[in-house]
Every structure is written in C-alpha cells, then in structure tokens.
Amino acid sequence: MRRVPHSLTPAQAWQMLRDGNQRFVDGASIHPNQDSARRSELVNDQNPVCVIFGCSDSRLAAEIIFDLGLGDAFVVRSAGHVLDEAVLGSLEYAVEPLNVPLIVILGHDSCGAVTASVNAYETGEMPQGFVRDLVERIMPSVLTAQRQGVTDVNGTVVEHAKQTGPHLLETSQIIAKAVEEGRTAVLSVCYHLAEGKAELVSHVGQI
C-alpha cells in the first residue's frame, strides 16, 4: 500500500500542540473538534496529528492540556511512561498505518512511578507486585540522573523523559526508520502541574 504523507510536518504538528497548551495555560481553551459534526466525520477513519505517549497520572489528560479534540491525538499511557511490548505495538501502529508526524513522550512533575524508583534507589528496597516491573524499567534513568548529580524526583522525571526517546528508537526499527526518513519526530516533554505548562526538554528528528 502506498503511504500517503500526513498533511502536517512534525514542526507544524508541534506548533499546534504548543498553541493549544498555551491556550490551556492562559485559561483560554477553545475545546476544538468536540461537537457532533466532528464525531460523525470520524466514524470511518482517523488522521491524528500526533501520538502522545504519557504517564497514566490522572492529572495528565493529554487532550485537555494541549486543547485538542476528537481524532486529534492517538494517546498511549502507562505509569511513568514505561515502554513495554503493548506500548511499542501501539506506537508503531500510530507511526506506520496512521502515519502520525509527531511522537510526544510526556512526563510530569511529582510522578509516582519515578518517585517509587528514586525511593528504591535510595533505600535498596523494591516494591512488591508488578510495580516492581515499573521501577526496574525506570531505574536506568534514575542511575543516569544520579551520575549527573540529579537526586530530586522532578529532575529525574526530566532525565527519564529524555532517556525514553532514544530508548524508543533503539527498540523499534519501524519508528527509527520513520524518524530517519523525516516522516516523524520524537519529542520529550515535561508537564508542570502548577502552571500547566508543557516544556520541551529534548527531541530526535527535525522540528
């Protein structure tokens, strides 16, 4: 099947998200694409402008903080935006069949999963159950942050967001190829709970 280029470039998609987040910060959200006409338009197809891979935290509702509507974003979430097989499959689906021009990795202040990982590093005690799996997957970012003298949770959140981008490209050949060909870009973004600002901290690809 011939791939149809998306109507937006990675840079244009990121500008759309930046504009929406600024409206949210300013208390001027316009809540686009949320009416019955938009719902009907999307019955048989979708053409999202981005995939947002964010933490599952209830305070991090991607469509709200970027002032988006139905069909605008393909959203994947896991605690601490941890990569696993299901997440990778979801991201690859967004990049290959859906041809999204932008992948946003979205971390946030006071992340519980990162907090648990920092606590495990400091105490040597691992949590029980499947939370242990989350902590084990986040721990490489904690170790990198510690080597750089970053010991606080929010600083470690930034490092974890930065590390997730390259890790994603190392793990997925499909996404790495899309970035290499300029069809998509991977952005690491951190959300500040108090002011509602989504801050770009690193990126791979052209924006």
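Reply: Gladly! Let's begin with pairing: two strands pair if DSSP finds at least two bridges between them. Helices (H or I, at least four residues) and strands (E, at least two) are themselves DSSP runs, numbered from the N terminus. This is a predicted model, where local features need pLDDT of at least 70, side-chain atom pairs count only at pLDDT 80 or more, and totals for chains, interfaces and linings use all residues. Residues are numbered from 1 along each chain as its sequence is written, and side-chain values use heavy atoms, with hydrogens and water left out.

Me: How do you know that E1 and strand E2 (residues 73-77) pair?

Reply: The requirement is at least two bridges, and E1 and E2 share five, in the parallel sense.

Me: What is the order of the strands in the open sheet?

Reply: Five strands line up as E2-E1-E3-E4-E5, with mixed pairing. E2 and strand E5 (197-204) are the edge strands, since each pairs on one side only.

Me: What makes strand E1 (residues 50-54) mostly covered?

Reply: Five of its five residues are buried, and buried means under 20% relative accessible area (1.4 Å probe, protein chains only). In a regular strand the side chains alternate between the two faces of the sheet. In E1, Cys50, Ile52 and Gly54 point one way while Val51 and Phe53 point the other, and all are buried.

Me: Why is Thr156 called buried?

Reply: Thr156 has 0% relative accessibility, so it counts as buried. Thr156 belongs to helix H7 (residues 153-171). Its contacts (heavy atoms within 4.5 Å) include Val114, Val142 and Ala145, not counting residues up to four places away in sequence.

Me: And why is Ala28 called partly exposed?

Reply: Exposed means over 50%, and partly exposed lies between that and the buried limit. Ala28 has a relative accessible area of 39%, so it is partly exposed. You'll find Ala28 in the loop between helix H1 (10-25) and helix H2 (36-41).

Me: How far apart are Ala28 and Asp67 in sequence and in space?

Reply: They are 39 residues apart in sequence and 9.3 Å apart in space, C-alpha to C-alpha.
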